[in-house]
Amino acid sequence: MTDDAPTNDGQRFDRLPETPDDREVEGRASRREVLDWFEERFGIEPDVFEGYSFWEKGAGKVWIFNGEATDPSEVEAIGMTLLRTRQEHWKPTSRAATRFGHRATTGVIELNPEQASRFVAGEDQALPAWDGDWGYLIATHEVAGERAPIGAGLYLYDELRSVVPKGSRADLPVVE
Amino acid sequence: MNPLERYEPLVDDAAAFRAACDRPLPSVVRVNQMAASPARVREAFDEEGVAHEPVGWHDGLFRLPDGNPGGNWPYVHGWTHGQEEVSVLPGLALDPQPGERVWDACAAPGSKTTQIADAMDDEGTVVANDNNLGRLSALRHNAERLGITNAIVTNQDARNFSTKPLAFDEFDRALVDAPCSCEGTCRKNPDVVDQWTLDHVHAVAGIQKGILARAVQATRPGGTVVYSTCTFAPEENEAVLDHVLGEEACEIVDSDLPVDTVPGVTEWDGETYDESVTRAQRVYPHHNDTGGFFCAKLRVGGEDEESAGEAGDGEVAA
């Protein structure tokens, strides 16, 4: 079988094209779209990601990397997972929310101590007071005098759903 | 036979050595300083009521007398990582710098990889390799939890590691924290003493020699290789260094570790080793109230071509 159009190879990491016009693999997000998405959704300035490269492996999983790599790269991992694309609503990973969430200026929901404990335990909770956009948010709380992102949440119908992965959930005390 | 008995002739105070080996170790966490300062972690522990004690020789370590290093907010935020005190030593000896190319040859579950990335301020490239695919998932989990973005993870046999999947063909520094007999971890995991066999010592020593030799080959002239284990067995420590000194262009150099250590031994069980193995450092449990450890720092031979402009020519090793 031959197929001239490059396709997404789930076994290796491919660098994202710079812009949609540079796209050769159908459905692959471009660097510019990723930067625009973080700016629109969370107010994270594109220059925060200057120096980082973005890669796709698997169906729509985008990784962020801050080192030197070949393109493509046949390795087990390259940097950390950042974002799930190739779906209607892109989804930031909870780890990306923790790593870069302190740079966000919008799409950030501040939780009180009790809400924070429920969130990190993986519980969904009613939070009708939120008047921002629905969709994926970065949940934060205050620790040691400063805001600290906990992870990603999905806000729908007056409810904040925790999307903290099972392996990262924890039963933690309410710290008043 | 209890293998610890075997090492009594090497230590200054056999009774103190054996008594220390029988005491459990406290939980210790290392601060991930690219995410939070030790002062902020201390404040967060205080707010949450997590008991903590400083470690005198390293301000980025806390002992947690109540245990449960993963059950608190600083851990969840990726500000801390549970790591035994002595396990921090090879990373200190390696002294990686931001922007460098560093190889962690036996990286899982990632305590040292993440310490290296932190010391590099998450800039440069750390290649974290392990031959055990299952253990690599623990490494990946730890690296993501701590927000490390400059690591590449590979799954190769370190003895014949190929740089072909990488964008460069030599490293500035390499860490060989080798698989070993692990009696030094007996305070954490007493089973290692029961499972010890001399056959395993000899088998694993062959693997250690192969990995250390490959690390020297894969590091640029003038670069640094650190060899460490958590065993007291000279067969797995000084004998491995002696072998690689004879096979590869390298020398052992002094490393200034911030704990009480004793020099490597030049004689064991009828064998003698190169005099320079005395620059390697043995860490005994009764000297610093830690686990047992062995650490040596090597300088790779040849002319130091650092900053000679050869970096990034992208050639791939045959």
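**View 1. Residues 17-301 of chain B are 31% helix and 25% strand.** The end C-alpha atoms of this stretch are 37 Å apart. Helices (H or I, at least four residues) and strands (E, at least two) are DSSP runs, numbered from the N terminus. An unreviewed UniProt entry annotates residues 17-301 of chain B as "domain: SAM-dependent MTase RsmB/NOP-type". UniProt positions follow the numbering used here, feature names are shortened, and annotations may be inferred rather than shown by experiment. The model is predicted: local features need pLDDT of at least 70, side-chain atom pairs count only at pLDDT 80 or more, and totals for chains, interfaces and linings use all residues. Residues are numbered from 1 along each chain as its sequence is written, chains are lettered from A and ligands numbered from 1 in the order in which they are written, and side-chain values use heavy atoms, with hydrogens and water left out.

**View 2. Chain B is divided into domain 1 (3-24 + 84-300) and domain 2 (26-83).** Such bounds come from an automatic or database domain assignment. The C-alpha centres of domain 1 and domain 2 of chain B lie 24 Å apart. In contact (heavy atoms within 4.5 Å) are 21 residues of domain 1 of chain B and 18 residues of domain 2 of chain B. The area buried between these domains of chain B is about 1,700 Å², with carbon and sulfur atoms giving 53%. Buried area is the accessible area (1.4 Å probe) that two parts lose on being put together, summed over both.

**View 3. B:Arg63 and B:Glu85 meet through their side chains in a salt bridge.** The N to O distance is 2.6 Å. A salt bridge requires a side-chain nitrogen of Lys or Arg within 4 Å of a carboxyl oxygen of Asp or Glu. The rule finds 1 salt bridge across the interface of domain 1 and domain 2 of chain B. It also finds 13 residue pairs in polar contact there (both at pLDDT 80 or more). A polar contact is a pair of N or O atoms within 3.5 Å; within protein, one must be able to donate a hydrogen and the other to accept it, and residues adjacent in sequence count only if both atoms are side-chain atoms. Helix 6 of chain B gives the most, with 5 residues.

**View 4. Chain A meets chain B through 40 residues of chain A and 36 residues of chain B.** The two chains bury about 3,000 Å² between them, 58% of it on carbon and sulfur atoms. The rule finds 2 salt bridges across this interface. One of them joins the side chains of A:Arg99 and B:Asp122 (2.7 Å, N to O). Between chain A and chain B, 17 residue pairs are in polar contact (both at pLDDT 80 or more). Elements giving two or more residues to the chain A side include helix 2 (94-100), helix 3 (113-120) and strand 10 (146-156) of chain A. Strand 10 of chain A has the largest share, 5 residues.

**View 5. Chain A is divided into domain 1 (14-90) and domain 2 (101-168).** Their centres, taken over C-alpha atoms, are separated by 24 Å. Here 8 residues of domain 1 of chain A are in contact with 11 residues of domain 2 of chain A. The buried area is about 740 Å², of which carbon and sulfur atoms give 56%.
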